[in-house]
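My notes follow the structure.

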Amino acid sequence: MKIVAAENKYDMSRQAAAVIIERVRTKPSTTLGLATGSTPEGTYRELIENHRLEGTSYSDVSTVNLDEYVGLGSDDPNSFRHFMDVKLFQHLDISRNQIHIPDGTALDLESECQRYDIIIDKLGGIDVQLLGIGENGHIGFNEPGTSFQSRTHIVGLTESTRKANARFFESFEDVPRYALTMGIESIFRSRQILLLASGPAKAAAIERLVHGEVSEAFPASVLNMHGNVTLIADKEALALV
Ligand code: PGA
């Protein structure tokens, strides 16, 4: 794993955006794997700014997002689909039918997971996957104990993950208990992975990622077995490495 030390969160975001922009310019039909959360927001701002000022086009780009809450539709402000629309998609020239996010309102969630894996396969896999990391080492919503062989599946969210995300909801009780997530294998098959981490709350997870053993008890550790992962982290997140 290549480790890039960023000065601060802004620098982390800028460096991640530069990799994505370069890729989209070189291969306009790139498939991007995208993530939600606080970590990638700055990267999305940089992509929008670059699109506006430099004209980088996303008209041939396809996107697949990592995960979605069960029960929240695109009109719900807490859905990841809504987050992505507001923070990124509506500011780019990407066409709606090239945007893919698991549908957490599907009546048959198992079929929805299978449908999602088929979409990723039909796209020929993910060229660049943007990832954050949970304080417990989760990637996507793959919580500790998830099989490294997993593909898109339904997950029960852990109490710690629900608490970490409660800041977006009116109350802890409103945080959904289930989500759909790309599996660890689906993520691992990406040709390139950009893992971002910022702030002191991620320092222990980054230390374990870099120095700990590869184990399903710490999902992000699987990235140590991948040949093309770049960790871009700010000084606070790298403080214990
Ligand atoms: P965050 O979430 O970017 O909001 O810290 C990352 C994650 O939990 O994967």
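Predicted model: local features only at pLDDT ≥ 70, side-chain atom pairs only at ≥ 80, totals over all residues.

A polar side-chain atom of His138 sits 2.7 Å from one of the ligand's oxygen atoms. I then looked up Thr39, where an N or O atom of the side chain is 2.4 Å from a ligand oxygen atom. Ser38 uses its backbone instead: an N or O atom there lies 2.9 Å from an oxygen atom of the ligand.

I next listed the surroundings of the ligand. They consist of Gly37, Ser38, Thr39, Gly132, Ile133, Gly134, His138, Arg167 and Lys202.

I moved on to the helices. How do the axes of H1 and H2 cross? H1 (residues 9-26) and H2 (residues 41-54) have axes that come within 8 Å and cross at roughly 50°. The angle makes H1 oblique to H2. I noted the crossing as right-handed. From H1, the contact takes in Tyr10, Ser13, Arg14, Ala16, Ala17, Ile20, Ile21 and Arg25. From H2, I wrote down Gly42, Thr43, Glu46, Leu47, Asn50 and Glu54. By type, the residues of this contact are six nonpolar, four polar and four charged.

I then checked H2 against H3 (residues 80-87), and found the axes 10 Å apart at an angle of about 40°. H2 is therefore oblique to H3. Here Glu41, Tyr44 and Ile48 of H2 meet Phe83, Met84 and Lys87 of H3. I sorted the residues of the H2 and H3 contact into four nonpolar, two charged and no polar.

Methods
Residues numbered from 1 in each chain as written. Heavy atoms only, no water. Axes fitted to C-alpha atoms, helices over the stretch in contact; angles between N-to-C directions. Helix = DSSP H or I, 4+ residues; strand = E, 2+ residues; numbered from the N terminus. Parallel < 35°, antiparallel > 145°, perpendicular 65-115°, else oblique. Left-handed = near helix turned anticlockwise from the far one by under 90°. Contact = heavy atoms within 4.5 Å. Nonpolar A, V, L, I, M, F, W, Y, C, P; charged D, E, K, R; others polar. Near = heavy atom within 4 Å. Polar contact = N/O pair within 3.5 Å; in protein donor to acceptor, adjacent residues only side chain to side chain.
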